Amino acid sequence: QHRTLSTENTTRMWFSQKQIRTEALERLVRNNRNRVEKELASIILSVMEKFDLESLDLCPIDALHVLNKTRVRTDLTQLRRLLKKEWGLTNQPNSNGYQKMVMWSDGDIHLVDAKGRYFTVEKDFLTNNFDEINRT
């Protein structure tokens, strides 16, 4: 009862989130992502490497069409939530021209001119947040 404590009780919990957050915990959180997010990040990164891009413009419907060609099934609402909430991206306020990715039935990916309210995904974001993609 009379012992002095080495940490100060600042919140309801004994340790703040800043004190608990370690590099190992960050790695665990990054590797515990859902399958749709991992597959989308992998596809986007492979398109960036194929066409030597630092960023890729992407509409949620484009991502849905590409993911439906793979074994991953999802819906448009989940993709919008993923891009806005999970990845913290904002889409263009107006409909602008961009290069959309299209996956053909043979699995080959091409960039095609299109118009829409797209999100811009940076290569640095993917390489920093998806460790499992960097290792493969």
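Modeller: Let us start with K50, which is partly exposed, at a relative accessible area of 45%. Here buried means under 20% relative accessible area, exposed means over 50%, and partly exposed lies in between, with a 1.4 Å probe and protein chains only. Please note that this is a predicted model, in which local features need pLDDT of at least 70 and side-chain atom pairs count only at pLDDT 80 or more, whereas totals for chains, interfaces and linings use all residues. Residues are numbered from 1 along each chain as its sequence is written, and side-chain values use heavy atoms, with hydrogens and water left out.

Biologist: Which side chain does K50 meet in a salt bridge?

Modeller: The partner of K50 is D108, at 2.8 Å from N to O. This pair connects distant parts of the chain, 58 residues apart: K50 is in helix α3, while D108 is in the loop between β2 (96-103) and β3 (109-116). A salt bridge here is a side-chain nitrogen of Lys or Arg within 4 Å of a carboxyl oxygen of Asp or Glu. Helices (H or I, at least four residues) and strands (E, at least two) are DSSP runs numbered from the N terminus.

Biologist: And why does D108 count as partly exposed?

Modeller: Because its relative accessibility is 28%.

Biologist: How many salt bridges does a search of the whole structure find?

Modeller: Three. In one of them, R33 pairs with E37, and their closest N and O atoms are 2.7 Å apart. In another, R21 pairs with E26, with 3.1 Å between the closest N and O atoms.

Biologist: Are R33 and E37 buried or exposed?

Modeller: Both R33 and E37 are buried. R21, by contrast, is partly exposed at 36% relative accessibility, and E26 is partly exposed at 27%.

Biologist: Let us turn to the overall fold. In what order do the elements run from the N terminus on?

Modeller: The order is α-α-α-β-α-α-β-β-β-α-α, which comprises seven helices and four strands. The protein is more spread out than a compact globule, because its radius of gyration is 20 Å, well over the 14 Å that the globule rule gives for 136 residues. That radius is taken over C-alpha atoms, and the globule rule is 2.2 Å times the number of residues to the power 0.38. The C-alpha trace spans about 70 × 35 × 25 Å along its principal axes.

Biologist: What percentage of the 136 residues do buried residues make up?

Modeller: They make up 33%. One of the buried residues is D62, with a relative accessible area of 4%. D62 belongs to helix α4 (residues 60-69), and its C-alpha is 6.9 Å from that of K100, although 38 residues separate D62 and K100 in sequence.

Biologist: And E49, buried or exposed?

Modeller: E49 is exposed, at 54% relative accessibility. Its place is in helix α3, and its C-alpha lies 9.3 Å from that of K123, which is 74 residues away in sequence.

Biologist: Now the surface. Which residues gather in a patch of positive charge?

Modeller: The positive patch gathers R80, R81, K84, K85 and R117. R81 sits in helix α5 (residues 76-86) and is partly exposed, with a relative accessible area of 46%. Patches are made of residues with over 30% relative accessible area and no salt bridge, joining like charges within 9 Å and nonpolar side chains (Val, Leu, Ile, Met, Phe, Trp, Tyr) within 5 Å. Lys and Arg count as positive and Asp and Glu as negative, with His and the chain ends not counted. Each charge is placed at NZ of Lys, CZ of Arg, CG of Asp or CD of Glu.

Biologist: Which residues form the negative patch?

Modeller: D52, E54, E122 and D124 form the negative patch. D124 is in helix α6 (residues 123-129), whereas D52 is in the loop between α3 (35-51) and β1 (55-58).

Biologist: What is the phi of D52?

Modeller: D52 has a positive phi of about 55°, although D52 is not a glycine. Most residues other than glycine have a negative phi. D52 is also exposed, with a relative accessible area of 67%.

Biologist: Lastly, which residues make the nonpolar surface patch?

Modeller: L5, W14, F15 and I20 make a patch of about 450 Å²; the areas come from the Shrake-Rupley method with a 1.4 Å probe, and for residues only the protein chains shown count as cover. L5 lies in the segment before α1 (17-20) and is exposed, at a relative accessible area of 57%.
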